Amino acid sequence: MTPTSLLSVRDLVVEFQTGEGIVRAVNNVSFDIPLGKTIGIVGESGSGKSVTSLAVMGLLQKPAARIPQGEIYFNGQDLLKYNEDQMRSIRGNQISMIFQEPMTSLNPVFKVGEQIAEALRIHKRLSAKEAWEKAIHLMNQVGIPNPSVSAHKYPHEMSGGQKQRVMIAMAISCEPQLLIADEPTTALDVTIQKQVLELLHKLQQEYKMSMMFITHDLGVIGDIADDVVVMYRSNVVEKNTSNNIFMGANHPYTKGLLACRPKLGANPRRLLTVSDFMTEEGQEKIVLPERIQIFDKEMVEDKSEKVLLEVQDLVTQFPIKGGFFGRTVDNFKAVDGVSFKLKKGKTLGLVGESGCGKTTLGRSILRLIEPAAGKIIFDGKDITNVNHEELRQLRKKMQIIFQDPYSSLNPRMTIADILTEPLKIHNEGGSNSQRIDMARELIEKVGLKSNQMNRYPHEFSGGQRQRICIARALMLRPEFVICDESVSALDVSIQAQVLNLLLDLQEEFGLTYIFISHDLSVVNFIADEVGVMYAGKIIEMDKASRIYKSAKEEYTRALLSAIPKGETKNSSGLMV
Amino acid sequence: MIKYIIRRLLYMIPVLLGVSLIIFVLFNVVSGDPTAVLLGKNATAKQMIDLREQLGLNKSLFAQYLDVVKSAFTFDFGYSWATKQEISKMILQGALPSLCLSAPAFIISTILSLLISIFVAYYRGKGIDLFVRVFCIAGMSISALAYILFFQWFFAYKLGWFEISGFEASFPELISYIALPAIIWIVLSIGPDVRFFRTVILDEIYQDYVRTARSKGLSEIKILLQHVLRNALIPIITYVVIQIPSLILGALLLENFFSIPGLGGMTLNALNASDFPVMKAMAILSSVGYIIFGLISDILYTVADPRIKLK
Amino acid sequence: MNTNSLWKDAFFRLTKDKLAVASLVIVLAYFIIAILSSLGLIASGWSQEVGASNLAPSIDHFFGTDIFGRSVIMKVIRGTQVAMSVGVAASLIAIPIGVTLGALAGYFGGWVDDFVTWLYTTFSSVPNIMLLISITLILGKGIFSVYVALGLTSWVHLCRLIRGEVLKHREREYVQAAAAIGGGHLRKLFRHILPNVSHIIIINTSMQFQVAIKSEVILSYLGLGVQGEPSWGTMIDDAKLELVRGVWWQLAGATLAMFFILLALNILGDALRDALDPKLKGK
């Protein structure tokens, strides 16, 4: 242990007792957090990063989890030797924590002011009145407007960003020496994420706290952390300074993680993935030079002139119920007059923050939700009002891939059933065994093995399930596919693979895409044209290669500047 | 809030009409002609016609239905076939003995169950938790009739600690009549109550906000009593309030066994005598009670849970 | 090739729970006894005198004899047949009504939902015991009335559960995906949604079965149930007068028979919920 480190984790092992036996979630992990510094812990889902933080807090669920080995020194004392009472006097007082889900992490039936005051009353022995006043002061400090009024609010009366600010106020109330932030911005929109990161950074400076910042997103790390610990499959694979990570990471996994995230601007033709840097066994690989070759979409000749889809002044609204008998008193226009044209074989990216209407727009185009006004012209034919049977026929040509790979496959059907169902509905593909053959062919195309056809969805990982969803959408050989946040729920390394797959399939089948996402850099990578949505309208639309350089709208620029750059202030300076 | 209450009040109308319809269909349509039963085999045709007129059975079916609906609002249920008394008076007389038994038993069993379930939730997964759970399930698997029979025989007959049956409306005497049925009521309710309360409390214990409370350094007991219980109380209140109307109906079987002259006993007597008006009256009365307390529990729910916004 | 459907997984989880397996065995044993008895293979001579009046339990007569010298254990077996038949009949009436109405209401919403919601609110507004005794009284005493009465009261809870669950699943993306590939209402409802809510039916039936058995006993005790045949309820009714004379074995026989089936159903219900309800997975 170095004398200046506040927290020092030594050879930590955490194991879970599960139905299938003992699983080691954290394996021989060691790292230090120096006084007043921020350490970023980066890893994908299941890497053991959150378990590590819970171990530090002493919050692991006891009979199931156990720590057979290791030490966690805090101010020179081994926390693992503390009893529950000693731990309690540390928690919320000297070490405090912010969680990922601000929606569920606050108690729904208490006022937020009370929840902030609570820790002060336990640890600092403040009276109710003093604690309440301190709470209001803290809310002011974390940037909640009108704190003396807001303190009386219940959590559901606040937005996600404000709730996370309340969580932060709660965590810093006793001026802790160490703040653990577990994916504090993952559930937030990108513009809110930026504000929260800035706030955390500011508070850390003011309070001279140390911070343990846990995230799956290396991009965020550059904005906030001094040093980085990279975790992969329960192990620490790299410890380095932030600068070094971005300038030249050592471990191939870190390199892969950095490379697989699409950059705003130029990218290779297909994204690099972790497997370009590392073999399955963890051996370093030499990256093939053609894989890093920058690809300029502008250079591809625009052969297609045929417009496949045209949307004119589309409006979709939801009734607002009110009055005595729940009559419709007003309509909320989720999509409010949207128009665009999409050429065959091209990709339109729709980007916007939660609630902007992008998902409703996608479903309205497919008429999964009925639009209220406007026109949808597909392949030269107005489909806005076609009847049920014609619409059924149209489903063969237009398909959708959803966001959540867990809920978009029927858990009671085998993969073979799921894939052949579209053919059955439309009475296509000949006999059942011919249909299965078609499914088998496609399942290999999306990168799965055809001998897995009799399995059920829950036996696959998130990325594999999304591949199954893609295969299902392509079974009827559609011309047009809407991808609705189709990679948002995936880890970045999986996300890159799926994006590459979508591009491969587009090339092979001549597909036209609408790609909906909250993530501008993903949209920028995959789309030819990008539309920015705000409050039901497309406020700006331009070529993908131009919009990030010369956005005209204030909102687009705000979105762009909020994207984590994936670099530190120093490293970007040095690169110039 | 006011609007919500009014809307819920208005929704009571179709439900009351529906309840009246069920009761009407059962007693006025499916049941057939009761006069033959009432007058016995030797009745003349004239007697039967007169009686039908007297009972309002010669009216059109729709008019008979309206009578049922009217009684649901006016509580004017007519006269008993068996005792010839005015039913609303019988109900008023029976309500007091029923409440004397049910109210204290209900209050004690609810509080006791709540205390046990908090205790068990604190020691969840430990031996005592398992023991109480097994005890609840085993207790619930024994017939209510067996409890009543055994307790009455053992504590009242064999040991003579309590009166075997009967009722006295004046104070200390009351206790020796009420205590045993009340104890049986409590024994019968604790199983299902503890099971429900425990499940509700444990559902809350695994929520994210509890982890937040732990990360603030709160003790387990504080987390349970302040954070968890406050949330768990929302479904618990609903569960408890919705049972209140059944207190008026009393405990059918308990009153029967212990000869308590309450509404439950009255209902069973009416059942044995095929006294349709009294049966109808009790069905309507208990349904109205249920609907009203359903409304109250809904309103309490919205008061207890700040997340529910009323327009 | 190793395939694991969720049903198989659930069954596997269930078989790992020894208590649940024991409960399942008990429930099956009760069913077998009931079937054998209804076929006249066992306890067919329940109405014959096998010994003196009110004999205490002995090696010859496990549960003794009743006042007419009939074997109590045979009466218990006949009672088992009655109780199990009531459970089955009530389920056979309640499941089709509850599932159909609940599924239609949850899936189509609108006026269908308004109507079904009104219907079950109305039915659940009449206290169960009032509805039960009224229906059996009106339809005439006897086992058939008990079937109908229990069927008509126990669909309500199932309907409410199914409606809520269908409502939730209707919005799930896999149902949207079925719509996107051109699946109609029937396919969405029957091929996709219902298989995913069907575990509710199983869990609920194990609960409703207990309610049916308990209700049958009470109705029979009140003289509304089975006529001219022994039932656990009528045996307890007999015991009411016998107990003061020290004749406890009719009560014990009926109570024990009831205790084991209720206990088994209770434990099985909990185990089924744990094994089948994906919500609770990972807890």
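Mentor: Helices here are DSSP runs of H or I, at least four residues long, and they are numbered from the N terminus. Keep in mind that this is a predicted model.

Trainee: Which pattern does chain C follow, read along the sequence?
Mentor: Start with the totals: chain C has 10 helices and zero strands. Reading along the sequence, the pattern for chain C is α-α-α-α-α-α-α-α-α-α.

Trainee: What box do the C-alpha atoms of chain C fill, and what percentage of its residues are buried?
Mentor: Along the principal axes, the box is roughly 75 × 50 × 35 Å. Among contacts in chain C with a separation of 6 or more, 67% join residues 24 or more positions apart. Of the 283 residues in chain C, the buried part is 52%.

Trainee: Is C:H185 buried or exposed?
Mentor: First place it: C:H185 is in helix α8 of chain C. Now count its neighbours. C:H185 has 10 C-beta neighbours inside 10 Å, so it counts as exposed.

Trainee: How far apart in space are C:H185 and C:D270?
Mentor: Along the sequence, C:H185 and C:D270 are 85 residues apart. In space, C-alpha to C-alpha, the figure is 33 Å.

Trainee: Which helix gives the most to the side of chain C that touches chain A?
Mentor: Here 18 residues of chain C are in contact with 25 residues of chain A. The elements of chain C that give two or more residues to this side are α7 (173–180) and α8 (185–221). Six residues come from the one that gives the most, α7(C).

Trainee: By class, how many residues on that side of chain C are charged?
Mentor: The side of chain C that touches chain A has eight nonpolar residues. Eight others are polar. The charged residues number two.

Trainee: Which helix gives the largest share of the side of chain C that touches chain B?
Mentor: In this case 32 residues of chain C are in contact with 33 residues of chain B. Elements α4 (110–125), α5 (128–139), α8, α9 (232–242) and α10 (249–276) of chain C each give two or more residues. The largest share is eight residues, and it comes from α10(C).

Trainee: How many residues of the side of chain C that touches chain B are nonpolar?
Mentor: Take the other classes before it. Six residues of this side are polar, and three are charged. The nonpolar ones number 23.

Trainee: Which residues have the most contacts inside the largest nonpolar core?
Mentor: In general, nonpolar side chains tend to be buried together in soluble globular proteins. The largest nonpolar core in this model has 323 residues. Beyond four places in sequence, C:I236 touches residues of chain B, including B:S143, B:A146 and B:L149, and residues of chain C, including C:V217 and C:Y221. The residues with the most contacts inside the core are B:L145 and C:I236.

Trainee: How many of the 10 residues of helix α13 of chain B are buried?
Mentor: Helix α13(B) covers residues 263–272. Among its buried residues are B:L263, B:M266 and B:L271. Helix α13(B) is largely enclosed by the rest of the structure, because its buried residues number seven.

Trainee: Which residue with a positive phi follows α13(B)?
Mentor: Look just after the helix. The phi there is near 50°. The residue is B:S274.

Trainee: What is the radius of gyration of chain A?
Mentor: Chain A comes to 23 helices and 22 strands. For 576 residues the globule rule gives 25 Å, and chain A is close to this, so it is as compact as a globular protein of that length. Its C-alpha trace spans about 70 × 65 × 55 Å along the principal axes. The radius of gyration of chain A is 26 Å.

Trainee: Which are the edge strands of the open sheet of four strands in chain A?
Mentor: The order is β2-β1-β4-β5 (chain A), with antiparallel pairing. Strand β4 (residues 65–74) pairs with β5(A) over two bridges. An edge strand pairs on one side only, which gives β2 (21–34) and β5 (77–78) of chain A.

Trainee: Over which residues of chain A is the pLDDT below 50?
Mentor: On average chain A has a pLDDT of 88, and 95% of the residues score at least 70. One stretch scores below 50, with six contacts beyond near neighbours in sequence. Where pLDDT is low, the predicted coordinates should not be read in detail. The stretch is residues 571–576.

How values were computed:
Residues numbered from 1 in each chain as written. Chains lettered and ligands numbered in written order. Predicted model: local features only at pLDDT ≥ 70, side-chain atom pairs only at ≥ 80, totals over all residues. Contact = placed C-beta atoms within 7 Å. Nonpolar A, V, L, I, M, F, W, Y, C, P; charged D, E, K, R; others polar. pLDDT = per-residue confidence, 0-100. Pairing = 2+ DSSP bridges. Rg over C-alpha atoms; globule rule 2.2 N^0.38 Å. Core = buried A, V, L, I, M, F, W, Y, C linked by C-beta atoms within 7 Å. Buried ≥ 20, exposed ≤ 12 C-beta atoms within 10 Å, placed from the backbone.
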